[in-house]
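Biologist: I'd like to learn how to read helix packing, sheets and interfaces. Could you walk me through them?

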Amino acid sequence: MTEQKITLSVNGQSYTRMIEPRLLLSDFLRQEIGLTGTHVGCEHGVCGACTVVLDGRSARSCLTLAIQAEGTEIETIEGLGNVDKLGRVQEAFRQHHGLQCGFCTPGFIMAITDMLRHHPLETDDQIREALSGNICRCTGYEHIVNAVRELAKERGPLK
Amino acid sequence: MSHNDHSVELRPKLVGERVKRTEDPRFLTGVGRYVDDMSPAGMLHVALRRSDQPHARIIGIDVGEAFSVPGVVAIYDASDLDKDVKPAIPTSRMPGYYATPIWPLARGKVRYVGEPVVAIVAESRYAAEDALEHINIEYEPLPFAIRQVDAVKDDAPLLHEEAGTNTIIRREFKRGDVDTAFENAPVTVKGRFRMTRKTAVAMENRSYLAEWDQRKQSLTLHTSSGSPGIIRDVLSGCLDLPGTRLRVIAPDVGGSFGAKGSLYSEEMLVCILARKLARPVKYVSDRLEDLSGTSQAFDELIEAELAVTQDGTLIGLRADVIGDVGAYSIYPWTAALETVQVVSFLPGPYRMEHYRGRIRGVLTPKPPTGPYRGVGRPSSTFAMERLIEMAARKIGMDPVEFRRRNLVRAEEFPYRTASGIIWDKSAFQECLQGACDFVDYPNLVRERDAARKAGRWVGIGLASYAELTGIGSRISVAPGMPINTGTETSRIEIDATGAITAAFGLSSHGQGLETTLAQVIVDELGCKLEDIEVKHGDSSLVPMSSGTYASRSAVLGGGAATLAARVVKAKVLRAAAYLMEQSIEDLDIYDGIIASRNSNQTLTLKEVASAVYTQMGRIPRDQREDLTASETYDPYLGTACSSTHLTMVEVDTETYGVRILRYVVAEDCGKIINPMIVDGQVHGAVAQGIGAALLEEIVHDDQGQVVTASLADYLVPVATSVPNIGIVHIEADLPNNVGGFRGMGEGGTIGAPAAVANAVSDALSHLGVSVETLPVTPERIFQMLRDTNTPRSANST
Ligand code: FES
Ligand code: FES
């Protein structure tokens, strides 16, 4: 298959690669540029483990071709903080024990990063609705809901 | 008591604290290392051509143009691997049992849709999958019986001819004279309960990476397993490699729930191929393969009948169960694990004299069943707790009062159940009371009644159960199984820098063992939490381990950690006593500092370590001992973990969708190491139980094809499917094991299906239906209502 050149930005850094047009964005992130924090749980758009923020909105990287992401700006879990300095959403997850095996966690955190920017998240029902595009098999969601409630409160009403 | 003693007592302990998890930062920042995150140089990828037939003879395999796909390195079927591997045999001492051999690829026949037949190895997964399309397998279809009720019949087509039967498991438990008890029983209720097939759906799919070291002729398998020690031990035999040349590592693992604790064909396969090709070989399952190839769960048909007196005392229980074990008996648990537990736990936490429970485990052309959170007991609790509520309703007694009369009481422990399980003292009655108090039960009943008056379909349901956890060597986790599940080892070392390594053969795949085991060690040893590194999930750490499953790691791992920490502490104190010229009795360690009650002099652990290992001459040669210990703990028996779940649900009168309005779990899990983690385990397990009750079902059609092959078809709970869960921890007598811990990782999945089934039945009671099949989906409710209404309308016309 003929390869094509793409250039995109991930966590503020620019990458140019020759890729097959059929390469999934999730595989691009994980295999081409070695950012394995974005996980793949289903490859059919249901579980949300592969969620990244693409040009400011959350997107399923398993349903996006890397070639479609040409020229975009992507944020992944690695861009939000690191082991000695967690980002705010990451910290809230830790405080509220919003993770167990950690496999779904990057996807949740990226989805929530987007939600906090765009959704009211004023009631638990709204929060649960917002989280319902991601599957976590470990936590039963309650601790994640608690973390998001705190984050939404801290953020205040959407402008 | 001296002043000093008193201050020692008051020192804060970490066991019991909501300590934030030490493993979290790497997961939260995307630098956890799961198997699929590893890509050693030269790595090859495997894609599998799987059977599309439920039962067929393989006539021929044509690889066509597969090798023309760029990047394809090799293609194998079973005949190519014959000399490279011996099968794994899941042996058991069960009478009449047949151990189906487990091979990496199907040989001669396929026995379920999804069974691996051909392996393609290529430079990328994309290339390997491209090549799959070129493979043609010619099959001769063979007759099959897809449903257990058919497969169990004498004339049913045989899946494994060598077995001579499809019924490879038969077991009966009995006590008393159950048939006579039923003859004279004033009240009986019965049902035909069916817990349909489920699967674990760990968010990380099964992933394996094998590396062959040509120089040392040794193999390392990185596996998403919950039981790396078991995998090492069995592969050692299959591959004929001693443990020194075979290492099995479970790095970060994205959930297991039991399903990743068995040996898989693909695990064998990557090892064989890595050795054959002398290159790293990786296989990562996709979700379709997971839903059609990972071990599945439950799938029992339980015909059960309960006899009670008019005043609500249990007399006897009899049950006939057919378990659908799928196409193979899984290694090492065997097909007996799930099936036999259904009948051994069926009598539940109740006092009852007469019992007979029979199980037949039957082979069908479906993926094998294996351990899934709760094992057997979600099914048995569902059946028993439905019978309990049916009986209470029949005699007009409140179901709480009915349970109160029959749950084993404090003074009756240890209680031997009708199937021979011994319940040590646990808070059976107190859990029931605790759940009722939490929701103000009388008030909740009034709420329900008021809602019903307003035309809403609202119901309350309970489930009480006990499980045996932290099982020692006296009891086999699965009957007659050849592996030891009764011990665990902890090796603790203080090195020359004063840092502490605690190594376990257990593995953590979400349980937070790096934190909880460190908490236990801090309290025993007197060190700082941050000075401990907990290592786990690696077969090279301790001589033998069977891993994390069956609610055992807190009890066995915590117990072993306690014993090893005590030995190391004694060694530290002996060295410090010499260095400080104090007597050992006057010394204590806290926060990594050794202090004497008779002087102001202190030493740090680091200083002691340095004196022991580095500064020769400070401690005389004959008194110097390494600050290390390896201890194995065997709790011998197991301990009961008991619980009551209580829920209120509403069934939508239009859509028949079920919404959970209230949910509470009251449980006695002994001493709690970390309440935050325990709560998380309960939430997660209850969510899985709610999934089993309302959503989850693996469906095979009459042709043996799985029709629930994506997460859009196999529905697991999302955030809107589960409520907030109230949790009541009952503080009762601690069990008689080293740490006072009881296992609790599975309980939620055991109680929730029954509680929800009871609540939905209560909500629909005025319509004359009773939930006997789970999940109780809107479609099933529709059918039940139609079926009960049909005769009525037939009469009226
Ligand atoms: S991996 Fe993309 S949604 Fe599941
Ligand atoms: S933490 Fe394991 S799937 Fe969410």
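Biologist: How are α2(A) and α3(A) oriented to each other?

Modeller: First, the ground rules. This is a predicted model, in which local features need pLDDT of at least 70 and side-chain atom pairs count only at pLDDT 80 or more, while totals for chains, interfaces and linings use all residues. Residues are numbered from 1 along each chain as its sequence is written, chains are lettered from A and ligands numbered from 1 in the order written, and side-chain values use heavy atoms, leaving out hydrogens and water.

Modeller: Two packed helices are described by the angle between their axes and the distance between the axes. Axes are lines fitted to C-alpha atoms, for helices over the stretch in contact, and angles run from 0 to 180 degrees between N-to-C directions. Helices (H or I, at least four residues) and strands (E, at least two) are DSSP runs, numbered from the N terminus. Here the axes of α2 (residues 88-95) and α3 (residues 105-118) of chain A come within 10 Å and cross at roughly 120°. The two helices are therefore oblique to each other; under 35 degrees counts as roughly parallel, over 145 as roughly antiparallel, 65 to 115 as roughly perpendicular and the rest as oblique.

Biologist: Which residues of α2(A) and α3(A) meet?

Modeller: A:Val89, A:Gln90 and A:Phe93 of α2(A) touch a set in α3(A) that includes A:Phe108 and A:Ile112; contact means heavy atoms within 4.5 Å.

Biologist: And how does α3(A) lie against α5(A)?

Modeller: The axes of α3(A) and α5 (residues 142-155) of chain A come within 11 Å and cross at roughly 30°. That makes α3(A) roughly parallel to α5(A). A:Phe108 and A:Ile112 also take part here, with A:Val148 and A:Leu151 among the partners in α5(A).

Biologist: What order do the strands of the open sheet in chain B take?

Modeller: Strands of a sheet pair through backbone hydrogen bonds, either parallel or antiparallel. Two strands pair if DSSP finds at least two bridges between them. In chain B, seven strands run β3-β5-β1-β12-β9-β10-β11, with mixed pairing. The edge strands β3 (72-76) and β11 (246-249) each pair on one side only. Inside the sheet, β1 (residues 44-50) and β12 (residues 281-284) of chain B pair in the parallel sense over two bridges.

Biologist: How much area is buried between chain B and chain A?

Modeller: About 4,300 Å², with carbon and sulfur atoms giving 57%. Buried area is the accessible area (1.4 Å probe) that two parts lose on being put together, summed over both. In chain B, B:Leu28, B:Tyr126 and B:Met203 lose the most area to chain A.
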